[in-house]
Amino acid sequence: MRMALWCVLAPVMLTIVTGAVPATAATFVVDDGASAPQESTALLRWRRFAPSRANDSNTLEGALAVVVRLNLAPWMHRSGRVFLALPEQGTASVRVSWTTQGRLLSGSITPGNRVLVYAGPITTALLEETLTLQIEADGSRLPNMQRLKFHFEIDID
Amino acid sequence: MRATPAGSTGIVTAGALVAFLACGQAARAFTVNITAANPKAIYLQVGVGTFTGGNYNAGGTPGNNTTINTVSVGVPAASVGTGVAQAMTTNSAQAISFYDGFTFCNTPAQLYIGGFYRNTTNTGAATVTATSPANLINGTGDTIPFTQIRWTSSGNGDAGAQPFPAGTFVGGVQTIGTISRNQWAESCHTFSYANTSIRPAGTYTGRVTYTLSSP
């Protein structure tokens, strides 16, 4: 019941706060709730099927496509920079690189960082793009299942 | 859609942010699950083996080889039971390591034994065991204890301890060595017959089965 009350109040409080934020250099989380990986799970395979003598070839790798849909409507006709962020995951070390169809920039990211994927004027309310993720993980530390939670942020100039 | 400041400009802002995210966080992230398609793999090769696509360091992968190699010695009549150990030889021609193609063993004096153990989680090392019968036996039922057969361990270019060290068959199940997680291990075994007692003439045979077990 208390949670429900928060949910009602939050937008109201946020409206007040948003009005108090300076018009420059603000960072916002982008609504990408309509984004969806094309498969629920990326199956990673050993880059080298056999290990080395020195226990130094334990990379698992795999690929997965994600259709991302960014709701940029709140920042239409403004200029900003969009970042893909990957918070710390706390398990196996992971590196994710991606390619795009050109609407966003390609790049790579490790947990705890964010990487620029767009800079310039916001001219579309809904930006749709397909990211082809290439995922590398430390196979010596990967639990049965690990979740990588990405999100997008926007810095408004 | 409401824009959510990711930073805070004051106490009130922070409070509002927490409240908003608690309700709407699911719409602001996409999740990719990752898991290993083949989290565990083991490979054991005793004698000849098969690797396809080149050696390990060229991206090769191991195959199945059902060959059963023999290790044997013919003891001259004048030498039977003298206590002078008789060097045994193998019909295995596996001298190179599939790791890198290096000539690791010297055939026919040595028998290659090697393998690897893959696992994404740390549950300990894999273990190689050998199961030998109590005796070698000839066609008329005479026997030689398997404990008469022992081996030394080495490898060309190796200076340290061998993963599958020297030993003697026990006529039962015994540990030959271990393979640490996500490692390749290999040795070359040089067998000998202790020859400590006089035995009737004949061809004595017995089969040893090597097994690699992962935790």
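Mentor: Begin with pairing: two strands pair if DSSP finds at least two bridges between them. Strands of a sheet pair through backbone hydrogen bonds, either parallel or antiparallel. Keep in mind that this model is predicted.

Trainee: How many bridges join strand E1 to E10 in chain A, and in which sense do they run?

Mentor: Strand E1 (residues 26-30) of chain A and E10(A) are joined by five bridges and run antiparallel. Within that pairing, Val30(A) has Phe152(A) as its bridge partner in E10(A).

Trainee: Which other strand of chain A pairs with E10(A) over six bridges?

Mentor: That is strand E5 (residues 79-86) of chain A, again in the antiparallel sense. Here Ala85(A) has His151(A) as its bridge partner in E10(A).

Trainee: Which strand of chain B is joined to E10(A)?

Mentor: Strand E2 (residues 30-36) of chain B is joined to E10(A) by five bridges, and the two run antiparallel. Arg147(A) has Asn33(B) as its bridge partner in E2(B).

Trainee: Is strand E10 of chain A largely enclosed or left open, and why?

Mentor: Burial is judged by counting neighbours: a residue is buried if 20 or more other C-beta atoms lie within 10 Å of its own. In strand E10 (residues 146-156) of chain A, eight of the 11 residues are buried, so the strand is largely enclosed by the rest of the structure. For chain A as a whole, buried residues make up 35% of its 157 residues.

Trainee: What are the elements of chain A?

Mentor: Chain A has one helix and 10 strands. Among contacts in chain A between residues at least 6 apart in sequence, 80% join residues at least 24 apart.

Trainee: Which residues touch the most other members of the largest nonpolar core?

Mentor: That core has 41 residues, and those touching the most other members include Val30(A), Val82(A), Leu133(A) and Val32(B). Beyond its neighbours within four places in sequence, Val30(A) is in contact with residues including Leu70(A), Leu72(A), Val82(A) and Phe152(A).

Trainee: Where is there an open sheet, and which strands form it?

Mentor: In chain B, three strands form an open sheet in the order E15-E10-E17, with antiparallel pairing. Its edge strands are E15 (173-179) and E17 (209-213) of chain B, each pairing on one side only. From one strand to the next, the twist averages 25°. Strand E10 (residues 126-131) of chain B pairs with E15(B) over six bridges, and Thr129(B) stands opposite Thr175(B) in E15(B).

Key:
Residues numbered from 1 in each chain as written. Chains lettered and ligands numbered in written order. Predicted model: local features only at pLDDT ≥ 70, side-chain atom pairs only at ≥ 80, totals over all residues. Helix = DSSP H or I, 4+ residues; strand = E, 2+ residues; numbered from the N terminus. Buried ≥ 20, exposed ≤ 12 C-beta atoms within 10 Å, placed from the backbone. Contact = placed C-beta atoms within 7 Å. Core = buried A, V, L, I, M, F, W, Y, C linked by C-beta atoms within 7 Å. Axes fitted to C-alpha atoms, helices over the stretch in contact; angles between N-to-C directions.
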